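Please open the structure in your viewer, and keep the sequence panel beside it. The tour below goes from one selection to the next and says what can be found at each stop.

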Amino acid sequence: MEIYAKRHSLFQDKYNEIRKKYKLIGALRLLAFLGIVYCFYLSVSRADYQYLYATGGLVVVFLIFLNIHASYSWKMRYAEALMQINQEEDQFLKEDQWAFDDGATFHTPDHPYAYDLDIFGPRSIYQYLNRTASYKGKEYLATLLKSRSTKADILKNQEVIKELSQKVEWRHEIYAYSKLSNLSKEAYERLKSWSESKVNELSKVSLVLAYVLPLIFVISSIGFFFDSTNIVWGYIASTVFSFNLICALSKVRAIQIELGGVEKIHETIESYSSIIKRIEKEEFATARMKEYLKEIKSDSFKASTELKKLSRLFEQLETVANLFVTILFNGLFQFHVHVLHKFLKWKKEKGRLVLTVIDIVGEVEAFNSLGNYSYNNRSYTFPVLNETKQMSFQNLGHPLLHAKKRVTNDIDFSNQRFVILTGSNMSGKSTFLRTIGVNLVLAGIGAPICATKATFFPLPLLVSMRLTDSLEDSESYFYAEVKRLKMIIEQVQSESCFVLLDEILRGTNSDDKQSGTIGVILKLIREQTYGMIATHDLEVCNTTNDYPEILMNKCFEVEIKNDDLHFDYKIRDGICQNKNATFIMKKMQIID
């Protein structure tokens, strides 16, 4: 797939072009600053006011260059983000390099299937899918993978994933803006706290003084300009300047509380404004995306415009840390008091908009990730949902295995709903259980699965494959497994579920293990349970003779050719006939 390599090259050229302009404007800005210093020096040293006009003109030029320089800085970072996105995608597909967040922070060992199926962690399904940059995007993707969706939600998700999969450029733009927003968990919690906090509006006295005192200052300054011999005007102007400064400084604490110690929060808001603007401008056909648009856009309202205003207000409040701006602008007209007033008014009227937008963008990021996954795997299929309790998969494979190494299999749970799977060591039993589990998780969130054809109906997924003992909880492996099985049995008794079990009751003797395994199977099939259990105990397979309408035997086989093991990893009907444990131990000279 060469599209990512081409786009990486395109944005690398754009980045280099912008960088040249950025450096040029930076040099011109420096020259303008040096010119300001030199002209001001000449005006003082020669007492020539003509140089002051030149100084003023250069200040204007400097501010223009400053603004252009900041604009190029943003464009350069944006191009760099797009360049990185395409480079990472290209390396992921061609070199198997996974540069994406693995979601380890969302790992929960007691989850019904997440730990057993490697949903989170290094080289997990989460890392394979994840193309989110914001904390809320990461969280929503994790929530999707850990939660059970309704049939209606699955169908909606399928629609939006299909739609977004074709919008490569749009998806990358959203991803790039989100990278620039740098919305960490801490920043989100701060914005959430700010959005939900009480609005303490300025008193009427403060507002009156914010208008009256600057007006008096202007009048006295004009009086001094036209009648400089009358020092009263100068005294009035200097006194009012001081009062203006005192009034503004009295609000510094309130400003710091609103800013909450977060640096450059305006950049985060600005990025979200850009994301929302991009969403507002795009045409969508699916119900879910139209629902998002309805929340952020109407004939008289655009969330992107409102966020742009908020970003500007945050940026202006942040200048309170600039001593020059604080003294000069506040002394002249109480700048920060007026900004704070507008800021608090915005917060009172539209404060909840911030959380709404962050949530919507987080969900869009998650669906963009799934759209990217669908685009990269166009041979995968979207499972058909049915009401007739049909569940079958053709050419089912594990999505995390490379296509060249992946072996696919057919499996059908429609007639006999529970499978007893046997096979020798390393024959592929556990991998096949995880293959079924991971694809059911993907199907359950509306994503395409690694199969050529599939039909299913959503069921709660329960898995027991990877358990550990706990010294901290004084809990043995056996007891941990029994607790897990108890949870599964209680769940299937309350509703129909899909269960995957891998070699249960390993921590006990052979007789107990056999009778216990059969007992668990009987308990499961007594309810409307679908699923599969892998076992080495061939006696367990005889249970299918008593329940042929519910149970079926499947197996993986191994062949010994030229004193070596050969696995084809293809599932077969019946019970495993070959064993390899003794052969492997002899070959490794563990036993004679």
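How many salt bridges does a search of the whole structure find? The search finds 31 salt bridges, where a salt bridge is a side-chain nitrogen of Lys or Arg within 4 Å of a carboxyl oxygen of Asp or Glu. Side chains of opposite charge can pair when their charged atoms come close.

Before you select anything, note that this is a predicted model, in which local features need pLDDT of at least 70 and side-chain atom pairs count only at pLDDT 80 or more, while totals for chains, interfaces and linings use all residues. Residues are numbered from 1 along each chain as its sequence is written, and side-chain values use heavy atoms, with hydrogens and water left out.

**The domains**

Begin by colouring domain 1 (1–96), domain 2 (179–198 + 225–376) and domain 3 (384–588), as the domain assignment of the protein chain gives them; such bounds come from an automatic or database domain assignment.

**A nonpolar patch on the surface**

Next, select Leu24, Leu28, Leu30, Leu31, Phe33, Leu34 and Val37, which form a nonpolar patch on the surface with about 650 Å² of accessible area together. Accessible areas come from the Shrake-Rupley method with a 1.4 Å probe, and for residues only the protein chains shown count as cover. Patches are made of residues with over 30% relative accessible area and no salt bridge, with like charges joined within 9 Å and nonpolar side chains (Val, Leu, Ile, Met, Phe, Trp, Tyr) within 5 Å.

Within this selection, centre on leucine 34, which lies in helix α1 (residues 3–45). Helices (H or I, at least four residues) and strands (E, at least two) are DSSP runs, numbered from the N terminus. Leucine 34 counts as partly exposed because its relative accessibility is 47%; buried means under 20% relative accessible area, exposed over 50%, and partly exposed in between (1.4 Å probe, protein chains only).

**A buried histidine in a loop**

Now move to histidine 111, in the loop between α2 (50–95) and α3 (125–129). Is histidine 111 buried or exposed? With 10% relative accessibility, histidine 111 counts as buried. Leaving aside its neighbours within four places in sequence, histidine 111 is in contact (heavy atoms within 4.5 Å) with Asp116, Lys146 and Arg484.

Select arginine 312 and glutamate 315, whose closest N and O atoms are 3.4 Å apart in a salt bridge. Both residues lie in helix α13 (residues 303–318), 3 residues apart, which is about one turn of the helix. Arginine 312 is partly exposed at 47% relative accessibility, and glutamate 315 is partly exposed at 32%.

Go on to lysine 486 and glutamate 490, a salt bridge with its closest N and O atoms 2.4 Å apart. About one helical turn separates lysine 486 from glutamate 490, because they are 4 residues apart in helix α18 (residues 477–494).

Lysine 513 lies in helix α19 (residues 510–526) and glutamate 503 in the loop between β7 (498–502) and α19, so the pair ties together parts that are 10 residues apart in sequence. Both lysine 513 and glutamate 503 are buried.

To see a network of salt bridges, select Lys167, Glu173, Arg278 and Glu282 together.

**Into the nonpolar cores**

Which residues touch the most other members of the largest nonpolar core? Of its 130 residues, they are Ile279, Phe393, Phe413, Phe498 and Met532. The largest share of this core, 12 residues, comes from helix α16 (residues 353–376). Apart from it lies another core, of 21 residues, among them Leu462, Ile521, Leu524 and Cys541. A nonpolar core is a set of buried Ala, Val, Leu, Ile, Met, Phe, Trp, Tyr and Cys residues joined through side-chain atoms within 4.5 Å.

Centre on phenylalanine 413 and show its surroundings: not counting residues up to four places away in sequence, phenylalanine 413 touches Met391, Phe393, Val419, Ile436, Phe498, Tyr530, Gly531 and Met532.

**A last stop**

Finally, select leucine 332 in helix α14 (residues 323–333), which counts as partly exposed at 29% relative accessibility. Apart from neighbours within four places in sequence, leucine 332 is in contact with Pro214, Phe217, Phe241 and Asn244.
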